[in-house]
Amino acid sequence: MKYKGWLLPPALRDFHEGRIWLKNHTPFHEDDIKRAIERNYFYIKEGIQTIPQIKCNRCQNEEPQQFTHFECSKCQKTCVYCRHCLNMGRISCCTTLLIWRGPQTYKQKQHQFEWAGQFTPLQQQASDEMLESVKRQRNHLVHAVCGAGKTEILFQSVHYALEKGLRVCIATPRTDVVLELFPRFQAVFPKTNIHALYGGAPKQEGYARLVMATTHQLYRFQHAFDLIIVDEADAFPYTFDQTLQTAVQKAKKPESPIIFVTATPSQKLLQQHKRSGYSFIPKRYHNHPLPVPRYSSLWRYENSLNKGKIPLKLQRWIEDRLTRQEPFLIFLPKVALMDIVTPLFQIIHPDILAVHAEDTDRKEKVLKLRNEEIPGLLTTTILERGITIKNVQVAVVGAESSIFTASALIQIAGRVGRNQAYADGDVVFFHHGITVEMDEARATIERSNKEGFPR
Amino acid sequence: MNKNETHCLLCTQPLQLITSWKALLTKQFPPSICEKCLARFERNTSHESTSLYRYNEAMKDFLHQYKFLQDVALAKVFRQELHTHLKHEKATIIPIPMHPEKQKERTFSHMDELLKSAKIPYIQLLEKTTTETQSSKNREERLQTPPLFRLLPDIRVEYKEYLLFDDIQTTGTTLQHATQLLLGAGAENVRIFTLISG
Ligand SMILES: [Zn+2]
Ligand SMILES: [Zn+2]
């Protein structure tokens, strides 16, 4: 062996184990990488494969439109790169990916577990059922209505897996959810090294037993996890982007199970799990039924709004909230409409604010609503999930728009009545015509209530 | 690089095919970005003879993605405007070259690619001698900078007009050095043109 004197830096192993990583983007010294390669610690894979068809070996993108050919000054020939995962460092035909196959990190099996919460009987049952699936290594779907307390249900299974020395990943399509879950898990597992991975996340040290990541970040893992939990599995863009679903499959070990957790499972997800591991929690943790949306017609609301007039019913609804001092969210189908109506609403109350996906002040604005500094917030579907505000009341304007799918409407309605002290509230769908999706949303909520509170 | 875009290169929204028809009839390049993204760039109407755009948030994002993230596809974004502006240019166009090491690192010359996409012919007479960037230096240091360029071996600078093409004019040192070198080697006149004004 050539480099007898060289010792593998533990940080290099800790970082690369389980990852599929661009060689020219590794945070370690070129020399150490070279020696690790000479010791056969890395499996080396071409960045882009062209046979039998073009494919990015990191993000698994196979869409020809998403590849660009160019004359490369580095490899001196026509080269090709993947635009789909460009933000993670460009992968081209003259870059290589490193996959760790060297010595593994010591499997720590002691994990302090700090949770003294109480389960409802339904939570307990779902938690036990999930644990059973984890033990049997089979996939599992937890279908829990909004506000059922689904995060707590994960603790038992995650704890079990960690104590077995397994590596666990909790993935979600949304950065907001990663940011919300990370401190909660760190509090429950205070001595466990947990990493939170999302676009722009800070560098984190050591080997993470538990990884909380956006599904995007899973492009960078390969056969890493013994258990993957996908939270909010139906959220955008997971269901739309096939490569994200492939990424989950690639990030786990072939035999490892996946647990899906959602309030609004697709038919496909339900079909896949009805006969394997499946838990249903039709009731909220505080033992009150879900608020059922009501319909209110707002004919040609777009015309009036474009003319600078707020339809009377909507105006009354806002004024009611203001007199009763109830915080409110108004969901709108598109940013363009929101831009038009924001000044109109501000005539009713100057402190009403608006948020959309690209708004950099999104978090601050939501916080202002929570702290009762502002009376209400106009929003696109970006706030359909993940936010909890005490006593919030919700209106959807233009509920007939195609962006408001049944699951979006269920999630939106799920914002209301989450707090024990304010377990009910108003959910109103202002519409220009009732859609199948609206009916489906309402029927699904009523069905859950019926199951949760049988006569 | 020659395929037509179906989605905006910047925001990935689907592109309207109607505009492609218009492009076909008027012999324009098919669009590579959507109207909304296009509107974010700010044209430089006051000094159009020396630069096309003003530096703004959209341009900052563009340069980051094009140069730092190495998204060569973005060379197409300004091809119509560059083509329109440079197609009747009488002077011989010289894009500011990168240091060969730097170009190997980036895998492409961003200035050359802009012209190639716009189907504007150009030549190269210069060679960058340093990998340092000028923007990191103060005025004093810039004034004392040793020559940034030398002439390529076996080329001849003719007695005619040349147009130097760079991405952005910040300190002017780069373009000044190139201009002096060409004039000293026998060029009749040297003008400058940048994508973005400083
Ligand atoms: Zn890719
Ligand atoms: Zn190449």
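I began with polar contacts between chain A and chain B and found nine residue pairs, both residues at pLDDT 80 or more. For a polar contact I took a pair of N or O atoms within 3.5 Å; within protein, one must be able to donate a hydrogen and the other to accept it, and residues adjacent in sequence count only if both atoms are side-chain atoms. I note that this is a predicted model, where local features need pLDDT of at least 70, side-chain atom pairs count only at pLDDT 80 or more, and totals for chains, interfaces and linings use all residues. Residues are numbered from 1 along each chain as its sequence is written, chains are lettered from A and ligands numbered from 1 in the order in which they are written, and side-chain values use heavy atoms, with hydrogens and water left out.

**Interface**

I looked up which element of chain A gives the most to the side that touches chain B: strand 5 (residues 67-71), with five residues. Helices (H or I, at least four residues) and strands (E, at least two) are DSSP runs, numbered from the N terminus. I sorted the residues on that side of chain A into six nonpolar, five polar and four charged. Here Ala, Val, Leu, Ile, Met, Phe, Trp, Tyr, Cys and Pro count as nonpolar, Asp, Glu, Lys and Arg as charged, and the others, Gly among them, as polar.

The contact (heavy atoms within 4.5 Å) takes 15 residues from chain A and 17 residues from chain B. I read a buried area of about 1,400 Å², with 46% of it from carbon and sulfur atoms. Buried area is the accessible area (1.4 Å probe) that two parts lose on being put together, summed over both. A:Gln65, A:Arg83 and A:Arg90 supply 37% of what chain A buries against chain B, more than any other three residues.

**Salt bridges**

I used the rule of a side-chain nitrogen of Lys or Arg within 4 Å of a carboxyl oxygen of Asp or Glu. It finds one salt bridge across the interface of chain A and chain B. That involves A:Arg83 and B:Asp71, with the closest N and O atoms 2.7 Å apart.

A:Asp231 lies in strand 12 (residues 227-231) and A:Lys150 in helix 4 (residues 150-163) of chain A, so the pair ties together parts 81 residues apart in sequence.

**Sheet in chain A**

I traced an open sheet of six strands in chain A, order 15-20-19-16-18-17, with parallel pairing. Two strands pair if DSSP finds at least two bridges between them. Strand 15 (294-297) and strand 17 (353-355) each have a single partner strand, so one side of each is left without a neighbour in the sheet. Strand 16 (residues 328-331) and strand 19 (residues 393-397) of chain A pair over four bridges, and A:Phe328 has A:Gln393 as its bridge partner.

Helix 9 (residues 312-323) of chain A packs on this sheet, at about 160 degrees to strand 16. Axes are lines fitted to C-alpha atoms, for helices over the stretch in contact, and angles run from 0 to 180 degrees between N-to-C directions. Helix 13 (residues 436-452) of chain A lies across strand 15 and strand 20, at about 155 degrees to strand 15.

**Sheet in chain B**

I found an open sheet of four strands in chain B, order 1-6-5-2, with parallel pairing. Its edge strands are strand 1 (51-53) and strand 2 (92-95).
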